[in-house]
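Reader: I am new to this structure, and I would like to understand the terms used for it as well as the values.
Author: Let us look at it together, then, and take the terms one at a time.

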Amino acid sequence: GAEVLLSLDWERRFDHMQQHSGQHLITAIAEQMFGFKTTSWELGRQRSLIELDTPKVTVEQVKALESSVNEKIRGRVPVSVRELPVGDPEIETMRHRGLPEDHAGPVRVVDIEGIDSNLCCGTHVSNLSDLQVIKLLGTEKGKKNKTNLVFLVGNRVLKSIEQSHSTEKALTSLLKNGPGEHVEAVKRLQSSVKLLQKNNLNLLRDIAVLIAQDFKSKPAPEQLFVLHRKEGDSEFMNIIANEIGTEETLLFLTVGDEKEAGLFLLAGPVEAVENLGPRVAELLGGKGAGKRGRFQGKATKMSRRGEVQALLQEFISHRSPEA
């Protein structure tokens, strides 16, 4: 007998009603037009999908289906809910996947007048006009020879258009041209970036060779070579290691952020690298692997490069003949 105050999030409820009734309509028309049966559906936060029992749905079929469901919406077809007793023979004429074994009480039926009757316990609109519009976004490959049909209904279509328009305005401002030229502008930018990346890579290779040659030109090369460069990659470090040679020299090379994340390479005599590699990775807060005198990986604590250098220097001093 206690009284409670119920607060309903109507915007969320109406959204679910639109998507759910939209699913019923799409499912019914897809089966009538093409014989595609729905095996399941998913109500997503931003978009929903229907799993169709067919390996393929063509672009033309998607367009025809979208046109047909929107025609039904414009026709303002009524949607009603009624209840039938368990065992009523009419139930067997309706679209459903069977009742749960423990079902008790009347059976709830959702009717889209002249289009579909389906057993359902969900919330629905009272007229297809409440759906406003349905947009089929296309298909995705489903599981076990099935196809997922992605869709938006009603207010979600409006929100999608608003978001797309905002993106379009932002791109217009950034690219300095109209929406019709966005794709070509982005393609040109991509081509420019690829060319710059290629030129940058060639320069890094040249720098790596020069660094190695400078080290080798010294009268008495040191047993330990340490280098950090913010710009670079694994290839940059390996070129230096290849050019210097690792039979006698122990190399500790790093690229990336000086204090946070980056890449590292430890190269040198096989026994030394096998011994020191895991310890270097641990000090740098990273992981790595290696073989044949090289151990490389990713690091999260590049600020500890000094500790690694001290470790390597100590190792060299203990193995040198003068020690």
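Author: Contact here means heavy atoms within 4.5 Å, and the model to which the term is applied is a predicted one.

Reader: Which residues touch the most other members of the largest nonpolar core?
Author: Among its 29 residues they are Leu25, Ile26 and Ile134. Two or more residues come from each of helix H1 (10-34), strand S2 (48-52), helix H2 (59-74), strand S4 (107-112), strand S6 (134-141) and strand S7 (147-153), and H1 gives the most, with seven residues. Apart from this core lies another, of 18 residues, including Leu224 and Met302.

Reader: What makes strand S8 (224-229) and strand S11 (287-291) stand at the edges?
Author: The open sheet has the order S8-S9-S10-S12-S11, with mixed pairing. Strands S8 and S11 each have a single partner strand, so one side of each is left without a neighbour in the sheet.

Reader: How do you know that S8 and strand S9 (residues 250-256) pair?
Author: Pairing needs at least two bridges, and six join S8 to S9, so the two strands, which run parallel, count as paired. Leucine 224 stands opposite leucine 250 in S9.

Terms used:
Residues numbered from 1 in each chain as written. Predicted model: local features only at pLDDT ≥ 70, side-chain atom pairs only at ≥ 80, totals over all residues. Heavy atoms only, no water. Core = buried A, V, L, I, M, F, W, Y, C linked by side-chain atoms within 4.5 Å. Buried < 20%, exposed > 50% of the residue type's maximum accessible area, 1.4 Å probe, protein only. Helix = DSSP H or I, 4+ residues; strand = E, 2+ residues; numbered from the N terminus.
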